[in-house]
Amino acid sequence: MSARPALQPGERVLVSTRAHGARLTRPFLVLLLTVFALSFAQRALELRWRPVAEPWTTVHAGVELTLLVVAGWVVLRSCLRPILRWWRTRYVLTTRHLVLVRPGGARRTVSLPLHQLRRVSVERRRSPALGRHDGRVVADFGPFGGLRLEHAPEAQRLAGLIRRAAEDEWAGGGAGRAGDPGSGGGAPGVRPTRVDRDAVVAPRPGPSVAPRRPWSRRAVHQEQE
């Protein structure tokens, strides 16, 4: 899968980045807990039950194998998959679009035109910052929906770059400007992004319009956990 979306003629990539490494805290903790639990279970099995005759030696070996299989499944599902998803997911800002590139190819890519940007902000984190500068960047694109970029690195700076790129697009004669969509409600040749399974209610607080339910509601596309 390409780390960059398809560009229109004259369109340039301004920023291409991925979520902050803090996104991997949970998989790392799960890995440590799994290794500890497996070691504890294997040690307990050796101390409490050490058969020397059949068929119990075979049962003992089967139990050990089962522990290894369960631990491997947990690591694969809760550690390796999130790491691969993090690695293959990128936040891309071009001169015309804000794009969320996700695993799964072009059908999973979310691309919203900057000339429809209504608001971009950084939501306050609930946990202590501890010197980190990442955060949740929420971009409201009015009728097109929005993007919620979790753990965006240098969140305040990224939000400023998005705002500046949108202003440049408006000044350069984009199809429309915030609050004033162009003819047809979008950029020429760009389809509105469809509502994905992970769509959630519009950005809070103060979405540009009230959400509608169900299928026609405004979608905020959120990078999956």
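**Group meeting: helices, sheet and core**

Okay, let's start with helix α1, residues 25-48: its 24 residues reach 34 Å from first C-alpha to last, close to the 34 Å expected at 1.5 Å a residue (the expected span is 1.5 Å times one less than the number of residues). Helices here are DSSP runs of H or I with at least four residues, strands are E runs of at least two, and both are numbered from the N terminus.

Quick caveats: this is a predicted model, where local features need pLDDT of at least 70 and side-chain atom pairs count only at pLDDT 80 or more, while totals for chains, interfaces and linings use all residues. Residues are numbered from 1 along each chain as its sequence is written, and side-chain values use heavy atoms, with hydrogens and water left out.

Back to α1: Pro27, Thr34, Leu38 and Leu45 are buried, meaning under 20% relative accessible area with a 1.4 Å probe, protein chains only. Part of what covers the buried residues of α1 is α2, 56-88.

Now the sheet. Four strands make an open, antiparallel sheet, ordered β1-β2-β3-β4; strands pair if DSSP finds at least two bridges between them. β1 (13-17) and β4 (110-113) sit at the edges with a single partner strand each, so one side of each has no neighbour in the sheet.

Last, the largest nonpolar core: buried Ala, Val, Leu, Ile, Met, Phe, Trp, Tyr and Cys joined through side-chain atoms within 4.5 Å. Of its 25 residues, Leu98, Val137, Leu149 and Ile162 touch the most other members. The largest share, six residues, comes from α3.

Terms used:
Buried < 20%, exposed > 50% of the residue type's maximum accessible area, 1.4 Å probe, protein only. Contact = heavy atoms within 4.5 Å.
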